[in-house]
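Work through the exercises below with the model open. Each task is followed by a solution in steps.

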Amino acid sequence: LVLQTGALPVEFRTLDQTAISATLGKDSLREAKLAAAVGLLAVALFLLIFYRFLGLVAVLGLVVYAALLYAAIIVFNVTLTLPGIAGLVLTLGVAADANIVIFERIKEEVRAGRSVRAAIQTGYTKGFATIVDANVVTAITALVLFAVATASVRGFALMLLVGTAMSMLTAVLATRAFLAVLAGFKLLESPKVMG
């Protein structure tokens with residue numbers, strides 16, 4: 001603008017031009033999907049190694065979580081960006097973390113001499129407040145990011161918020177339902193099976 005209002009006759013010429021093909025975005029999307037798959041596999045292996053049967057229940061809970069999250073993306077017609085995919089991958093850890101808190105409480109109750117059924121009930125009762133606190137803090141962070149950030153970070157914040165809500169739902173309802181159904185089996189009374 002200054003040059004246009006000044007007295008100097010300036011002619012603009014293009015010195016350099018760079019074009020980025022669509023394959024760059026395609027490669028980034030492929031790498032993001034690979035990262036999500038590897039992340040999910042790593043979390044599943046961790047849960048299965050350290051929590052054995054409880055880990056299997058947690059993995060089933062993560063499958064329910066993934067199905068609900070996918071349904072929410074379809075229902076709300078969400079366009080996933082790379083930051084949005086990063087938010088989804090992060091919420092896998094949030095969902096697994098909720099199960100870990102509860103499972104550790106269950107193991108503590110079993111060590112204290114309670115039956116498996118009573119330990120599951122008490123573990124969920126005592127672990128619920130911790131899970132709610134952690135998820136509320138994550139949700140507040142996501143809301144602040146969504147309110148003040150630019151478009152790409154807003155996608156991350158939205159998926160973090162939706163994923164956190166879904167992880168609460170699956171940790172409290174899905175895994176609890178699985179454990180309630182399976183709590184009567186003698187197999188769960190073995191310390192090796194419980195991890």
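**Exercise 1.** State whether K26 is buried or exposed, then find how far its C-alpha atom lies from that of V63.

Solution. K26 is found in helix 2; helices (H or I, at least four residues) are DSSP runs, numbered from the N terminus. K26 has a relative accessible area of 61%. Buried means under 20% relative accessible area, exposed over 50%, and partly exposed in between, with a 1.4 Å probe and protein chains only. K26 is therefore exposed. Along the chain K26 and V63 are 37 residues apart, and 26 Å separates their C-alpha atoms.

The model is predicted: local features need pLDDT of at least 70 and side-chain atom pairs count only at pLDDT 80 or more, while totals for chains, interfaces and linings use all residues. Residues are numbered from 1 along each chain as its sequence is written, and side-chain values use heavy atoms, with hydrogens and water left out.

**Exercise 2.** Describe the surroundings of T175.

Solution. Start with the location: T175 is found in helix 5. With a relative accessible area of 0%, T175 is buried. Next, list its contacts (heavy atoms within 4.5 Å). Leaving aside neighbours within four places in sequence, T175 touches V57, A58, G61, N99, Y124 and T170. Finally, look for a polar contact, a pair of N or O atoms within 3.5 Å in which, within protein, one must be able to donate a hydrogen and the other to accept it; residues adjacent in sequence count only if both atoms are side-chain atoms. The side chains of T175 and Y124 form one at 2.8 Å.

**Exercise 3.** Which residues line the largest cavity, and how do they divide by class?

Solution. On a 1 Å grid over the protein atoms alone, a cavity is a set of points where a 1.4 Å probe fits but cannot get out, and lining residues have an atom within 4 Å of a point. Grid points are joined across faces, edges and corners, and a volume is the space filled by probe spheres set on the points. The count is one cavity of 30 Å³ or more, and the largest holds about 30 Å³. Its lining consists of G61, L62, Y65, A95, N99, S167, T170, A171 and T175. Helix 5 gives the most, with four residues. The lining has four nonpolar, five polar and no charged residues. Here Ala, Val, Leu, Ile, Met, Phe, Trp, Tyr, Cys and Pro count as nonpolar, Asp, Glu, Lys and Arg as charged, and the others, Gly among them, as polar.

**Exercise 4.** Characterise the largest pocket.

Solution. A pocket is an open set of points with protein on both sides within 12 Å along at least five of seven lines. The largest pocket has about 300 Å³ of space. It is lined by 14 residues, and A36, L69, L88, V89 and L92 are the closest to its centre. Helix 2 gives the most to this lining, with nine residues. By class, the lining of the largest pocket has 13 nonpolar, no polar and one charged.

Notes. Helices (H or I, at least four residues) and strands (E, at least two) are DSSP runs, numbered from the N terminus.
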